[in-house]
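The report below walks through one protein model together with its ligand surroundings. Please look over the sequence and the coordinates before reading on.

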Amino acid sequence: MSNVKVAVRVRPLSQKEKDKNAGVIVDVHGDNVAIINPKVDGIAEFADSREKVKHFTFDYCYDSTLDVTAAGYASQQLVFQDLGTEVLQAAFEGYNACVFAYGQTSTGKTHTMMGYPGEVGLIPRICEGLFSHVDDCVDRSASFRVDISYLEIYNERVRDLLCPADGKQTDKYTLKVREHPKDGPYVQDLSQHLVKDNSEIQMLLERGNDARTTAATYMHDHSSRSHAIVTVSFTQAKLEDDMPSEKVSKIHMVDLAGSERADPNFSPEYKGRLKEGANINKSLVTLGNVIKALAERSVLSSSSENLGSEQNLTGETTLVQGTTPRSSSLYVPYRDSVLTWLLKDSLGGNSKTLMIATVTSASVYYRESLSTLRYAQRAKSIVNQPKINEDSNVTLIRELRREIEQLRGMLMSA
Ligand code: ADP
Ligand code: MG
């Protein structure tokens with residue numbers, strides 16, 4: 001059992017925000033983030049300072065608002081050192097892993113996940129890390145295989161970013177999600193690319209990124225409305241105890257649509273700018289419902305005498321009022337959207353999962369940032385059941401052999 005780990009990354013004010021005379025309202029201290037309500041003046045005037053400042057604790061907090069030379073500045077390298085290393089470690093041990101970025105549009109999801117030339121993000125670094133591991137492996141009997149796919153979900157339709165279909169642009173969104181009884185959900189006919197080295201995988205990432213960018217130029221708000229998923233399948237085969245052992249890890253790396261898409265009424269600015277209905281994103285709304293259901297399930301399953309657990313669910317006393325986890329149903333609506341169906345294993349299932357919540361430090365987006373922090377707080381209580389993905393026969397033979405050795409030892413000493 002392992003909880004979803006949650007990181008928060010705070011980006012500096014953009015020029016646009018500075019032009020709006022925005023102040024900085026998000027403050028990072030160690031693993032804590034404080035957000036200040038800009039509409040509430042003077043803490044002293046308030047009997048209850050929680051009205052003004054809200055505190056959250058996460059597994060990792062990254063402050064990119066500092067000067068780049070300052071100690072503690074959250075660079076792409078620092079984020080990779082923590083989160084990328086966790087993902088790689090899980091994959092080397094044979095676990096599935098998932099890392100996804102959640103946040104309002106333009107808060108740094110793509111910056112964090114994919115990055116840009118010269119400042120590459122987690123996805124290219126994790127891919128590079130896989131091949132460094134392969135190159136460093138001293139065990140000559142070991143062999144490795146890396147396959148990659150890259151897809152996009154737009155309006156609940158799936159498009160292959162590495163093998164665009166021929167014909168008109170709209171025909172490209174045609175792939176179907178299916179569910180294998182043992183291996184779980186997958187996208188039928190999604191192209192899988194066998195890669196032999198780092199440069200090859202980086203080229204494929206670029207190809208997928210280009211396909212995304214092209215779509216963004218002719219579809220309004222495309223990048224804020226679409227979800228992108230890079231999936232790497234990492235297979236390690238070697239002789240262990242004289243037996244062939246094969247471990248297969250699936251790594252999902254996800255750049256989600258802008259979180260404002262989950263609630264058309266949330267920001268008047270977005271509501272006014274977008275066409276009716278165009279801003280509601282079914283996958284994102286369902287992701288919220290799935291996370292809520294899983295968080296409630298974990299509260300229910302934690303012992304009933306643990307009365308403080310409802311507080312852990314939200315991390316904020318203000319939110320606790322009105323939440324009634326004990327009476328909630330255990331149904332988790334994975335199948336209600338393409339995104340949650342595909343990520344079923346990553347959310348409450350067989351995977352080690354990391355969420356990165358991205359927020360701006362700007363006062364003008366207080367409500368949006370607070371909403372993201374609350375969402376992230378809730379995701380922390382999701383419990384997954386990761387297991388090493390190894391052929392069960394091999395595991396059984398290995399266990400039986402150990403048992404035989406033990407019995408032999410007992411016979412000898414009798
Ligand atoms: P999103 O994918 O969430 O819509 P982007 O990743 O495109 O947002 O980021 C929006 C802008 O903010 C980009 O110009 C990006 O370079 C900048 N940015 C994002 N995160 C950071 C950061 N941590 N530090 C500095 N600039 C950032
Ligand atoms: Mg983006």
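## Strand pairing and the ligand shell

Strand β17 (residues 352-360) and β2 pair in the parallel sense over seven bridges, where two strands are said to pair if DSSP finds at least two bridges between them. This is a predicted model, in which local features need pLDDT of at least 70 and side-chain atom pairs count only at pLDDT 80 or more, while totals for chains, interfaces and linings use all residues. Residues are numbered from 1 along each chain as its sequence is written, and chains are lettered from A and ligands numbered from 1 in the order in which they are written.

Strand β2 also runs parallel to strand β6 (residues 60-63), to which four bridges join it.

Helices (H or I, at least four residues) and strands (E, at least two) are DSSP runs, numbered from the N terminus, and the protein comes to 13 helices and 18 strands.

Seven of the seven residues of β2 are buried, so the strand is largely enclosed by the rest of the structure; a residue is buried if 20 or more other C-beta atoms, placed from the backbone, lie within 10 Å of its own. Both faces of β2 are covered, with K5, A7, R9 and R11 buried on one side and V6, V8 and V10 buried on the other. Of the 414 residues of the protein, 40% count as buried.

Y375 lies in helix α12 (residues 366-379), and this residue counts as buried because it has 20 C-beta neighbours inside 10 Å. Leaving aside residues up to four places away in sequence, Y375 touches Y102 and A357, contact being defined by C-beta atoms, placed from the backbone, that lie within 7 Å. The C-alpha atoms of Y375 and K292 are separated by 8.8 Å, although these residues are 83 residues apart along the chain.

Turning to the ligand, 14 residues lie around ligand 1, and S64, G108, K109, T110 and H111 come nearest; a residue is near a molecule if its C-beta atom, placed from the backbone, lies within 6 Å of it. The elements that give two or more residues to this shell are β2 (5-11) and α3 (109-113), and the largest share, three residues, comes from α3.

Conventions
Buried ≥ 20, exposed ≤ 12 C-beta atoms within 10 Å, placed from the backbone. Contact = placed C-beta atoms within 7 Å.
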